[in-house]
Amino acid sequence: METQQLSPSRALHWFTGILVAATLVLIGVGALVTSTESGMSVPDWPTSFGYNMFSLPFARWAGGVLYEHSHRLAASAVGLLTIVLAGWLWLREPRSWLRWAGLAALLLVVLQGVVGGLRVVWVADRLGILHAALAQGFLALVAVIWLATSTRLWLPAGSGA
């Protein structure tokens, strides 16, 4: 029996798919923030009305705050998933380009968060445009990583799967 040089992980592929889906949800919530003009409903960053972002009382989650704060929490989840993905790729992925793509995704999601936060702190609409463009670039990058981790791409011809 011949051993394949590459043996992609199905778990990694599924995890990356979850990150892609979470990113789509995040972009959708970001679109709600923009379309409802809720971007400045929470006037501070990285805190939310002076609270740690993860401890904002539910009583404050009304109107535009609901959209904006939900966007921040979804972004935090995507950031956490990206940290895990980058580490997983760096430690287990044999293809160097894919390890570097994971690192690039991590750097891009950090930049995305900082630009989004600065848009609030500096009240700069131009940064909102950059924030949206970076979101699309991040989505494209994690989608490429998702495709590259597919086990179907690496099955030998005639394997029947």
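Is Trp-61 buried, exposed or partly exposed? With a relative accessible area of 22%, Trp-61 is partly exposed, a class that lies between buried (under 20% relative accessible area) and exposed (over 50%), as judged with a 1.4 Å probe and protein chains only.

## Basis of the model

The structure is a predicted model, in which local features need pLDDT of at least 70 and side-chain atom pairs count only at pLDDT 80 or more, while totals for chains, interfaces and linings use all residues. Residues are numbered from 1 along each chain as its sequence is written, and side-chain values use heavy atoms, with hydrogens and water left out.

## Aromatic pairs

Two rings of Phe, Tyr or Trp (for Trp, the six-membered ring) are taken as a pair if their centres lie within 6.5 Å, and the pair is called stacked when the planes are under 30 degrees apart, edge-to-face when they are over 60 degrees apart, and tilted otherwise. By this rule the count comes to three aromatic pairs. One of them joins Phe-58 and Trp-61 in a tilted arrangement, with 5.1 Å from centre to centre and 55° between the planes.

Trp-90 and Trp-100 form an edge-to-face pair, with 5.0 Å from centre to centre and 85° between the planes. Because Trp-90 lies in helix α2 (residues 64–92) and Trp-100 in helix α3 (residues 96–121), this pair ties together parts that are ten residues apart in sequence; helices here are DSSP runs of H or I with at least four residues, strands are runs of E with at least two, and both are numbered from the N terminus. Trp-90 is partly exposed, with a relative accessible area of 41%, whereas Trp-100 counts as exposed at 51%.

## Charges over rings

A charge is said to sit over a ring if NZ of Lys or CZ of Arg is within 6 Å of the ring centre and within 35 degrees of the ring normal. The charged end of Arg-99 sits over the ring of Trp-90, 5.7 Å from its centre, and the charged end of Arg-60 sits over the ring of Phe-49, 4.1 Å from its centre.

## Salt bridges

Side chains of opposite charge can pair when their charged atoms come close. A salt bridge is counted when a side-chain nitrogen of Lys or Arg is within 4 Å of a carboxyl oxygen of Asp or Glu, and the count by this rule comes to three. In one of them Glu-68 pairs with Arg-72, the closest N and O atoms being 3.0 Å apart. These two residues are separated by about one helical turn, because they are four residues apart in helix α2. Glu-68 is buried, with a relative accessible area of 6%, and Arg-72 is buried as well, at 7%.

A salt bridge also links the side chains of Glu-93 and Arg-95, at 2.6 Å from N to O, and both of these residues are buried. Between Asp-125 and Arg-119 the N to O distance is 2.8 Å; here Asp-125 counts as exposed at 56% relative accessibility, while Arg-119 is buried at 17%.

## The loop between α1 and α2

Most residues other than glycine have a negative phi, and most peptide bonds are trans. In the loop between α1 and α2, Glu-37 has a positive phi near 55°, and this residue is exposed, with a relative accessible area of 74%. Phe-49, which is placed in the loop between α1 and α2, also has a positive phi, of about 55°, and is partly exposed at 25% relative accessible area.

The peptide bond from Trp-45 to Pro-46 is cis, with omega near 10°.

## Surface patch and annotated regions

Trp-45, Val-110, Val-114, Val-121 and Trp-122 form a nonpolar patch on the surface, with about 460 Å² of accessible area together. Such a patch is made of residues with over 30% relative accessible area and no salt bridge, nonpolar side chains (Val, Leu, Ile, Met, Phe, Trp, Tyr) being joined within 5 Å.

An unreviewed UniProt entry lists residues 12–33, 73–91, 103–122 and 128–148 under "transmembrane region", and such annotations may be inferred rather than shown by experiment. Over residues 103–122 the chain is 95% helix and 0% strand, with the end C-alpha atoms 28 Å apart, while over residues 128–148 it is 100% helix and 0% strand, with the end C-alpha atoms 30 Å apart.

Note on methods: Patch = residues over 30% accessible without salt bridge, like charges linked within 9 Å, V, L, I, M, F, W, Y side chains within 5 Å. Areas by Shrake-Rupley, 256 points an atom, 1.4 Å probe, with all protein chains shown as cover.
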